[in-house]
Amino acid sequence: MLTSYVPIFIFIVIAAAFAAFTIVFARLVSAQKPNAIKLEPYECGIEAAGDARDRYSIRYYLIAMLFVIFDVETVFMFPWAVSLGKLAVFGLIEMLLFLFILVVGYFYAWRKGALEWQL
Amino acid sequence: MFDTNELVINMGPQHPSTHGVLRVILRLDGERVIGSDVVIGYLHRGVEKLCEHRDWAQIVLITDRMDYVAAASNNLGYVETVEKLMSIEVPRRARYIRTILAELQRIASHCLWLGTHAMDIGAMTVFLYAFRERELVLDLFEEYCGARLTYNAMRVGGLPLDIPPGWDRKVRDFCDILGPKVDEYEQLLTHNRIWLERTRGVGVIPGEDAVAIGLSGPPLRGSGIPRDVRKDEPYAAYAEFDFDIPIGAAGDTYDRYLVRIEEFRQSVRIIRQALDGLPEGPILGKVPRLIKPPAGETYHAIEAPKGELGYFIASDGKSNTPYRFRVRPPSFCNLQALSRLIKGHLVADVVALIGSLDIVLGEVDR
Amino acid sequence: MPAWLPPPAVLAHLGLILVVFNMLVLSAAFMVWMERKVCAYIQDRNGPNRVGFEGVLQPFADVIKLLFKEELRPKAADALLFAIAPVISAAAAFAAFAVIPFGTSTTLWGLLDQPIPLQVTDVNVAVLVIFAITSMGIYGIVLAGWSSNSKYSLLGGLRSSAQMISYELSYGLALAAVIMLAGSLSLREIVLNQAGTWWGFIPRWYVFLQPIGFLIFMTAGVAETNRAPFDFPEAEQELVAGYHTEYSSMSFAMFFLAEYVNMVTVSAVATSLFLGGWLGPFLPDWLAWVWFLVKVFLILFFYVWMRWTLPRYRYDQLMEFGWKYLLPVAVLNLLATAALILWIG
């Protein structure tokens with residue numbers, strides 16, 4: 001029943017409205033006296049060395065890719081987990097097969113050092 | 001794949017964990033430090049030059065302001081250097097009390113180090129525990145000389161004040177309190193898995209490199225070099241006491257931590273022996289009314305809480321002020337290792353390593 | 001009753017939503033106070049004790065102070081994203097609580113014909129909803145970190161994403177094991193499945209059937225809420241304030257609020273999944289929510305206790321821990337659970 005999601009939606013709207021309202025309200029009631037120095041990004045009292053919008057290496061990107069794969073796997077496990085009672089042993093074996101393939105990939109990634117991003 | 005740039009980030013001078021106004025310019029690859037530049041001088045007050053324009057007796061007060069969390073050690077180093085220059089014999093009672101003060105100071109300084117070091121690694125509670133005990137030491141100092149931070153507690157030839165009645169009893173009580181408290185710190189940290197993972201193998205510096213860089217104090221002993229001025233060139237009354245010099249093996253942050261923790265216990269041991277054998281007698285030796293050392297120069301070092309604190313003083317024998325005054329501050333020399341230690345580590349380790357070197361910027365910049 | 005009003009059930013439902021929302025805000029305020037008070041006692045000091053009895057009104061005083069603070073936005077920041085990041089954070093933190101049942105049902109002392117359940121809504125895939133919404137909260141943090149155009153914020157945002165990919169898998173797998181036991185994705189059904197006792201005194205809570213799953217969930221929960229020892233995105237000793245370095249005034253307060261509401265939500269989820277939700281002895285049905293509060297409070301206390309006892313981990317260590325220890329254990333736990341269910345029946 002999709003109607004049961006309506007309260008969640010109402011809840012999100014209330015929360016977002018509450019947050020937005022308080023932020024705007026605070027802006028209205030508080031003193032705003034910006035100046036150039038206040039509007040500098042914080043860098044320990046020193047003028048920033050370069051911009052923060054550069055292209056930086058994110059060393060763990062390989063894990064991030066693995067994460068996407070494994071996250072999909074996790075989502076796949078939810079329906080299986082709910083209906084395990086009906087699928088019975090057949091379901092378990094199917095899942096073992098499915099997991100086996102993933103585990104091989106997991107260990108391959110591990111051996112290849114994808115999980116050792118910090119080195 | 002893609003070209004990525006280094007992230008250059010200023011850590012300090014206004015940063016919660018650079019222990020004052022140290023500025024470290026980090027060049028990062030992701031969060032890994034690939035290079036760094038340590039910038040100092042934000043707290044430079046010209047202490048050495050200032051001392052060349054002050055009476056010999058006034059300088060004691062200026063030395064307080066260098067390592068301001070270990071003022072008594074600074075005083076001790078200075079007065080002993082002048083005594084050496086003037087060949088003054090210091091009475092035994094004064095030397096004993098000086099030793100007690102210096103060791104209390106070591107405990108106070110290590111409390112501050114432990115608190116901030118643990119806080120840098122995220123253990124906030126240890127910070128408050130350590131400061132609680134440091135407060136007791138400050139109370140003792142307050143009772144002795146009236147000041148809690150910058151004591152001006154010594155003078156050339158001896159001490160300005162004898163210990164107040166009952167003070168030795170209170171120091172003894174403090175020693176009884178501190179022992180279990182150190183065990184308490186250890187319970188929170190020493191065998192904590194997270195603490196071990198954050199400190200073991202982080203910032204390793206082998207013994208010979210530590211010597212080459214010029215480290216001293218706990219960072220040197222953490223690398224397994226048993227160098228301690230108290231043992232090697234005894235001053236004050238250290239020759240008369242029995243104590244051990246803890247040393248580490250791996251030279252990592254954890255070993256430096258263990259060395260300092262053990263130094264708490266050794267300090268307590270020294271204080272207890274000094275109190276047991278505290279001799280009667282005068283607290284001031286034969287000192288001329290006007291201190292004017294003969295022409296000459298000398299270097300004298302003591303083991304301050306942070307390492308070897310040396311004074312080089314030259315006198316021309318004519319004026320009332322030193323001709324040349326130079327300090328070898330342990331923090332400054334230890335700080336030289338920082339760039340090397342943090343290379344290849346993550347930003348989180350940088351703060352751990354700054355804490356592990358135990359620097360005080362008042363002393364680095366002078 | 002005038003005809004233009006919606007039916008009483010709908011009104012009651014809207015009222016319930018407002019009540020739950022307010023309770024969440026209040027519980028966050030209470031948590032701030034409790035955190036400071038517990039931390040103070042752990043650290044051998046008094047903590048806030050000026051505003052109100054033992055400082056209970058301190059959080060409100062803080063909010064009023066923040067309300068009148070100047071709101072600053074770095075001039076190079078991305079205005080839109082900078083503005084909506086705290087809203088996303090707060091909204092996501094609140095929304096997840098919508099599917100959590102905290103009591104049986106009520107007719108409001110006979111005012112309603114049909115009893116309404118004490119829960120904002122009972123959706124049949126509640127666990128998935130929670131899983132989805134709590135992940136949304138990360139967007140607030142990452143966007144805040146990036147849009148500030150400050151390097152400390154940026155590092156905080158990046159750490160947040162690194163953290164998310166470290167714990168989320170194990171978190172999901174721990175949930176899956178519980179779902180398997182209950183055979184349902186609805187939190188109300190999961191809780192009801194835990195009714196009764198073994199041998200008359202051990203409650204049939206899933207924490208006893210899924211001890212490993214519970215541990216994994218709690219560990220991941222700490223990472224999820226950015227709490228110490230996994231508080232990398234805002235580690236103040238390293239990144240000053242992390243992703244919210246540049247935020248001030250109410251925008252900052254929203255991140256703060258979101259963090260505490262998130263804690264309440266994670267504790268509530270843990271309570272529902274592992275500790276039998278509102279189920280408990282002695283209390284009549286209409287007071288069952290007291291049990292729920294007690295359990296949530298205990299978990300929250302545990303989180304506070306842990307934060308003020310342990311040092312901080314490093315984020316690469318969490319990633320290694322998540323991928324090399326938690327994940328295999330979570331997978332094995334799930335398979336073992338499946339095998340046992342099929343074997344025992």
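**Exercise 1. A helix inside chain C**

Which residues of H8(C) are buried? Work from the predicted model.

*Solution.* 
- Step 1. Place the helix. H8 of chain C covers residues 211–224.
- Step 2. Check its length. At 1.5 Å a residue, its 14 residues should span 20 Å, and the end C-alpha atoms lie 19 Å apart, which agrees.
- Step 3. Apply the cut-off. A residue is buried if 20 or more other C-beta atoms lie within 10 Å of its own.
- Step 4. The buried residues of H8(C) are C:Gly213, C:Phe214, C:Ile216, C:Phe217, C:Thr219, C:Ala220, C:Gly221, C:Val222, C:Ala223 and C:Glu224.
- Step 5. Conclude. With 10 of 14 residues buried, H8(C) is largely enclosed by the rest of the structure.
- Step 6. Find the cover. The buried residues of H8(C) are covered by elements of chain C including H4 (126–147), H5 (151–182), H7 (206–209), H10 (249–274), H11 (289–307) and H12 (315–344).
- Step 7. Look past the end. C:Asn226 follows H8(C) and has a positive phi, near 55 degrees.

**Exercise 2. The fold of chain C**

Determine how compact chain C is for its length.

*Solution.* 
- Step 1. Count the elements. Chain C has 12 helices and 4 strands.
- Step 2. The C-alpha trace of chain C spans about 60 × 60 × 45 Å along its principal axes.
- Step 3. In chain C, 57% of the 345 residues are buried.
- Step 4. Check the contact range. Take the contacts in chain C with a separation of 6 or more: 75% of them join residues 24 or more positions apart.

**Exercise 3. Chain A**

*Solution.* 
- Step 1. Read the pattern. Chain A has 3 helices and 0 strands, in the order α-α-α.
- Step 2. The C-alpha trace of chain A spans about 70 × 50 × 15 Å along its principal axes.
- Step 3. Buried residues are 24% of the 119 in chain A.

**Exercise 4. Two helices of chain B**

State how H4(B) and H14(B) are oriented, and list the residues that meet.

*Solution.* 
- Step 1. Two packed helices are described by the angle between their axes and the distance between the axes.
- Step 2. Read them. H4 (residues 92–120) and H14 (residues 347–357) of chain B pack at about 170 degrees, with axes 8 Å apart.
- Step 3. Classify. Angles over 145 degrees count as roughly antiparallel, so H4(B) is roughly antiparallel to H14(B).
- Step 4. Name the residues. From H4(B) come B:Thr116, B:His117 and B:Asp120. They meet B:Val351, B:Ala352, B:Gly355 and B:Ser356 of H14(B).
- Step 5. Sort by class. This contact of H4(B) with H14(B) has 2 nonpolar, 4 polar and 1 charged residues.

**Exercise 5. One phenylalanine**

Is C:Phe60 buried, exposed or partly exposed?

*Solution.* 
- Step 1. Locate C:Phe60. Helix H2 (residues 58–67) of chain C holds C:Phe60.
- Step 2. Count neighbours. C:Phe60 has 15 C-beta neighbours inside 10 Å, so C:Phe60 counts as partly exposed.
- Step 3. Relate C:Phe60 to C:Asn262. They are 202 residues apart in sequence and 19 Å apart in space, C-alpha to C-alpha.

Note on methods: Residues are numbered from 1 along each chain as its sequence is written. Chains are lettered from A and ligands numbered from 1 in the order in which they are written. This is a predicted model: local features need pLDDT of at least 70, side-chain atom pairs count only at pLDDT 80 or more; totals for chains, interfaces and linings use all residues. The radius of gyration is taken over C-alpha atoms; the globule rule is 2.2 Å times the number of residues to the power 0.38. A residue is buried if 20 or more other C-beta atoms lie within 10 Å of its own, exposed if 12 or fewer, and partly exposed in between; C-beta atoms are placed from the backbone. Two residues are in contact if their C-beta atoms, placed from the backbone, lie within 7 Å. Axes are lines fitted to C-alpha atoms, for helices over the stretch in contact, and angles run from 0 to 180 degrees between N-to-C directions. Angles under 35 degrees count as roughly parallel, over 145 as roughly antiparallel, 65 to 115 as roughly perpendicular and the rest as oblique. Ala, Val, Leu, Ile, Met, Phe, Trp, Tyr, Cys and Pro count as nonpolar, Asp, Glu, Lys and Arg as charged, and the others, Gly among them, as polar. The expected span of a helix is 1.5 Å times one less than its number of residues.
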